[in-house]
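I opened this notebook to record, step by step, what I looked up in one structure.

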Amino acid sequence: MTTYGIPLLVLAITGSAALTGLAFALEWIPRIGAFTVAGTLVDRYGTARIFRAACLARALAVLAATVVLTALEARTPAATVTVMLLAASTGVLTEFSFVAAETAGSEASRKAGTRAHRVQSVLLGIDQTAMLAGPAVSGLLLENGGPAVMLGALASLSLLAAALGPRVRTEPLDVATAKRGLRAGWATLRSLPALAWLVGGLVVSNGAMALLQAAVPVVVVTELDHSSADAGLIWSAAAVASLLAITASRGAIDRWGLWPVGAVAAAVAAGATFAVAQADTYRGYLLLIAVVMAGEGSLTVVFRTLRSRLIPPDVFGSTLAVTVLLLLLPFPAAGLLVAAVPPAQLGHAVTVAAVLQALGFAVAFTRLRTLPAAPA
């Protein structure tokens, strides 16, 4: 709801495509800056404390914005400043709760031993189920109840998350150790060419994915003249397709191997992204973005499998931090691009991103086939 609902809220309050793109950037720029800080705080104070603190702070920020927006008229400078600040603050706080939850999930995987892959499958299923419900709920509540109702639901979920948060405790870790861990992550990534090439391809691909995420609210509402609920429905349909692809990928990898499945998924994602740029109907956007996310879902399985096979356990956390940091970089850039490009020209920007995505995947997977150390 935070990732997809806040840009919809900005568009509803400001009526500006440029500010919607800027809000998307403001959600992601603080997340990147907060990532290493969040990891250090989680290591030092434990997952439970940081998770609850982040969720409570997000609830308070959302409730404060609700009170302010209720007293203000839409499309006023004060309302614009309020929703932009809300986008930035929820972006930071969501990153803290995300890192804490991922740390709890890693601890659960270690305790599961040989069944660790089952834990990761469940966690990925939870993510995709939330992706299915969140965008649709955000759009429907905003369309039928207004900003106050949508933000009230978001605050309620944040409070519920704080009440049900993880109770995994971690040993304190000093700041110097955390910094050494981050450097170790960079060194580990450089020493694993197969992982580095795949991360490079995914960084380019995330540029296209981020552009789609930032542009869809503007295109659907402004260019295609559909509602906020329709914009949210697109990402819910995409989550269904991604969940199905993730389920199918497990058996496909067992039968055909990691790289063939990854190459096919990359081709599907890049081809569908290029087709999205040519779409001019709402139904076309919905179907094609679902196909894009299906390909991305399969690639996620390939990436997580490779990551778990190659990264040494003693530097897994630090290397994970570095890879996630790299994969997040395209998101604020995409928001700034949407803010700068007129809505009518966004299709051309998506076309360029799709071409770069295809080239990035082609280079990455061609290089991966030649690496002697790449897993079969």
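The entries below go from the whole chain to single residues.

**Entry 1, ground rules.** I noted that this is a predicted model, in which local features need pLDDT of at least 70 and side-chain atom pairs count only at pLDDT 80 or more, while totals for chains, interfaces and linings use all residues. Residues are numbered from 1 along each chain as its sequence is written, and side-chain values use heavy atoms, with hydrogens and water left out.

I looked up the elements and found 14 helices and 0 strands in the protein chain, where helices (H or I, at least four residues) and strands (E, at least two) are DSSP runs numbered from the N terminus. Of the 376 residues, 51% are buried, a word that stands for under 20% relative accessible area, with exposed meaning over 50% and partly exposed in between (1.4 Å probe, protein chains only). I then took contacts, meaning heavy atoms within 4.5 Å, and read that 85% of those between residues at least 6 apart in sequence join residues at least 24 apart.

Two packed helices are described by the angle and the distance between their axes. For helix H8 (residues 193–223) and helix H9 (residues 228–256), I found axes that come within 9 Å and cross at roughly 145 degrees; such axes are lines fitted to C-alpha atoms over the stretch in contact, with angles from 0 to 180 degrees between N-to-C directions. The residues that make this contact include Leu-212 and Val-216 of H8, together with Ile-234 and Trp-235 of H9.

How many aromatic pairs does a search of the whole structure find? I got 2 aromatic pairs, with rings of Phe, Tyr and Trp (its six-membered ring) pairing if their centres lie within 6.5 Å, and planes under 30 degrees apart counted as stacked, over 60 as edge-to-face and the rest as tilted. One of them, Trp-259 with Phe-365, is edge-to-face, at 6.2 Å centre to centre and 80 degrees between the planes. This pair links distant parts of the chain, as Trp-259 lies in helix H10 (residues 258–278) and Phe-365 in helix H14 (residues 346–370), 106 residues apart. Both Trp-259 and Phe-365 are buried, and together with Phe-361 they form one aromatic cluster.

Is Leu-85 buried or exposed? I placed Leu-85 in helix H4 (residues 77–112) and read that Leu-85 is exposed, because its relative accessible area is 56%. Leu-85 and Ala-61 are 24 residues apart in sequence, yet 9.4 Å apart in space, C-alpha to C-alpha.
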